[in-house]
Amino acid sequence: MARISYISGSVVKARLEGERPSLLEMVYVGKDKLIGEVISVSEDEAVVQVYENTEGISLGEDVTFSGEMLSAVLSPGLLGKAFDGIQRPLDRLGRRIKKGEKHFPVDRDKRWRFFPSVKEGEYIFYSQEIGYVEEGSFIHRILSTGEGRAVYVAGEGDYTVEDTVVKLENGTEIKMLREHPLRVPLRFKKRLKPDIPMITGQRIIDFLFPIAKGGTASIPGGFGTGKTVLQQTLAKWSDADLIVYIGCGERGNEMTEVLNEFPQLEDPYTGKKLIERTVLIANTSDMPVSAREASIYLGITIAEYFRDMGYHVALMADSTSRWAEAIRELSARINEIPAEEGFPADLASKIASVYERAGYVETFSGKKGSITVIGAVSPPGGDFSEPVTRHTRRFTTVFWALDKELASSRFYPAINYMLSYSGYVDTVRRWWEERSPEWFDLREWMIKILQEDDKLQRIVKLLGSESLPEDKRLVVEIAYLIKEIFLQQNAFDPVDAHSSPEKQIKMAEILRLIYDLWIKAFEEKKIPVKILKDQPEIQAFLRSKYEIGNDRIEEYDRLIERIKERYHHLILSYGE
């Protein structure tokens with residue numbers, strides 16, 4: 001026990017009256033039993049970070065130490081649900097969250113049809129699958145939390161999450177429900193090389209700046225550049241088995257959009273509703289800022305739980321900058337010496353502690369699973385040199401830099417192709433080249449053209465494209481086609497919103513073909529770029545991204561033949 005001696009926002013200091021608590025121990029503060037964590041302990045005082053609104057609590061009120069760490073409840077019933085930062089189900093909290101209100105995250109009374117995978121007398125290993133339940137279209141595997149010989153295995157039937165389904169000879173009772181501390185990573189057997197790309201359907205990402213399953217990516221961008229829209233698009237279209245979407249200090253209208261839209265969206269891979277394979281964690285800007293930290297760790301723990309079943313999980317965190325702002329506020333309230341821009345000196349290690357929990361792993365059950373962490377960063381004024389963006393960049397392998405100028409010109413995704421990069425190009429190269437041996441060369445060619453165009457655009461903006469030599473105008477025009485046809489996508493068009501790898505390869509091959517034919521036409525007949533770009537097949541290609549779906553790729557082969565025929569005829573007949 002302890003008594004409150006100091007209150008400053010979400011920080012409470014408690015005068016100890018007994019044994020010292022442990023660091024990161026969960027506590028209950030005041031008469032309303034507000035949930036918090038011990039973040040510092042001295043000889044006679046504990047500093048507590050409270051994850052609920054502290055208005056109304058008084059000096060002298062009790063602080064009770066639980067003897068446990070803040071933990072996530074992991075069991076069937078998580079999918080399709082929305083929780084706040086400390087895993088209270090939003091559908092049971094009402095319109096406003098009351099102080100100290102507590103609800104168990106999942107329905108304890110609901111009965112699930114359990115199908116056993118082991119038998120009595122069998123030796124059970126840690127994290128081995130002991131059975132499964134069907135949660136909608138999803139197979140929810142129940143994993144062992146202990147090791148030993150099974151003396152009891154529940155038969156096929158309906159059970160609650162708190163019923164014992166397996167009992168080991170050492171007395172361990174295994175249930176469908178388990179709890180795990182948020183800040184302690186779930187164990188796995190070994191880490192694997194991330195060599196399988198996570199296909200997002202966004203051409204600029206998949207083809208130019210790919211992310212591997214089990215990888216890490218940051219999406220920095222100023223206000224209005226489309227971070228939230230891009231993350232929601234990735235959640236809708238990525239080929240991950242499950243999505244964990246964390247709104248960390250988001251504006252209420254953005255989280256409302258997610259909560260309303262996801263239950264209506266059809267999953268492109270299963271045909272069912274997208275929400276059935278999604279867990280939402282909503283922490284809005286009007287909720288206590290300290291709970292932003294809990295929401296991040298809650299999301300990553302839930303992701304690890306599903307990873308251990310052998311699934312590929314994509315975790316979207318929007319926005320980690322608001323979490324960092326909460327860390328800065330907390331640091332100021334406990335009088336820590338500030339470092340750069342007022343952030344605490346351990347900001348880098350806190351950011352690393354989240355991204356290091358991503359990875360492509362082999363679980364103890366022999367399955368392969370992954371967590372891909374994609375974090376949005378909101379640098380003030382779009383300044384990528386500020387501490388949160390800079391440190392996030394250190395610990396992520398993919399950098400998708402959003403550009404205000406591109407966003408203002410309605411270019412979506414507004415990813416700046418000159419600033420962005422991916423460190424997974426070499427690891428996923430084999431996967432892509434199994435589908436097209438020319439993938440790496442096509443990608444290198446495209447980036448080279450865009451880089452050359454970027455240099456030429458300085459002249460174009462000053463003097464106009466007519467001031468360029470004809471061969472340089474050719475580069476500018478082919479770069480325009482790459483940007484307009486390939487890099488830009490309409491998130492609201494049913495055909496263009498998502499491009500399969502096969503469609504992306506065909507589009508890249510056609511762009512390279514057009515460039516080669518234009519070079520040939522210019523070198524052999526000096527045909528002006530104006531004539532080359534005004535051929536009807538170019539307009540047909542431009543329309544094709546809205547007309548040719550992922551299931552009709554063969555139509556691109558016919559377009560290729562038309563383009564070849566058109567330019568061969570033009571080269572032969574020009575000047576006659």
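The model is a predicted one, so please read every value as computed from it.

**Aromatic pairs**

Let us start with the rings. A pair of aromatic rings is described by the distance of the centres and the angle of the planes. Rings count as a pair when their centres lie within 6.5 Å, and by this rule the model holds 17 aromatic pairs. One of them joins F114 and Y159: the ring centres are 6.1 Å apart and the planes stand at 85 degrees, so this pair is edge-to-face. F114 belongs to strand β9 (residues 112-116) and Y159 to strand β14 (residues 157-159), so the contact ties together parts that are 45 residues apart in sequence. Both partners are tucked away from solvent: F114 is buried, with a relative accessible area of 0%, and Y159, at 16%, counts as buried because the cut-off is under 20%.

Another pair is made by F207 and W439. Their centres lie 6.3 Å apart with the planes at 75 degrees, so this pair too is edge-to-face. Here the link is between distant parts of the chain, with F207 in helix α1 (residues 203-208) and W439 in helix α10 (residues 439-463), 232 residues apart. F207 is buried at 0% relative accessibility, and W439 is buried at 0% as well.

The table puts the two pairs side by side.

| Pair | Centre distance | Plane angle | Class |
|---|---|---|---|
| F114 and Y159 | 6.1 Å | 85 degrees | edge-to-face |
| F207 and W439 | 6.3 Å | 75 degrees | edge-to-face |

The charged end of R203 is placed over the ring of F486, 6.0 Å from its centre, while R435 lies over the face of W431, at 3.6 Å from the ring centre.

**Nonpolar cores**

F207 turns up again in the largest nonpolar core, which has 89 residues; F207 and W400 are the ones with the most contacts inside it. Helix α12 (residues 501-525) gives the most to this core, contributing 12 residues. Leaving aside residues up to four places away in sequence, W400 touches a list of residues that includes I205, F209, I211, P220, L234, I374 and I415. There is also a second, separate core of 69 residues, and Y51, V244, A324 and F343 are among its members.

**Strands around F114**

Back to β9, the strand that carries F114. Strand β9 pairs with β14 in the antiparallel sense over three bridges, and there R113 has D158 as its bridge partner. Strand β9 also pairs with strand β11 (residues 129-135), again antiparallel and over three bridges. In that pairing, P116 stands opposite G131.

Is D453 buried or exposed? D453 is buried, with a relative accessible area of 1%. Its side chain makes a polar contact with the side chain of K483, at 3.0 Å. Beyond residues up to four places away in sequence, D453 touches V475, V476, A479 and K483.

Note on methods:
Residues numbered from 1 in each chain as written. Predicted model: local features only at pLDDT ≥ 70, side-chain atom pairs only at ≥ 80, totals over all residues. Heavy atoms only, no water. Phe/Tyr/Trp six-rings, centres within 6.5 Å; stacked < 30°, edge-to-face > 60°. Helix = DSSP H or I, 4+ residues; strand = E, 2+ residues; numbered from the N terminus. Buried < 20%, exposed > 50% of the residue type's maximum accessible area, 1.4 Å probe, protein only. Lys NZ or Arg CZ within 6 Å of the ring centre and 35° of its normal. Core = buried A, V, L, I, M, F, W, Y, C linked by side-chain atoms within 4.5 Å. Contact = heavy atoms within 4.5 Å. Pairing = 2+ DSSP bridges. Polar contact = N/O pair within 3.5 Å; in protein donor to acceptor, adjacent residues only side chain to side chain.
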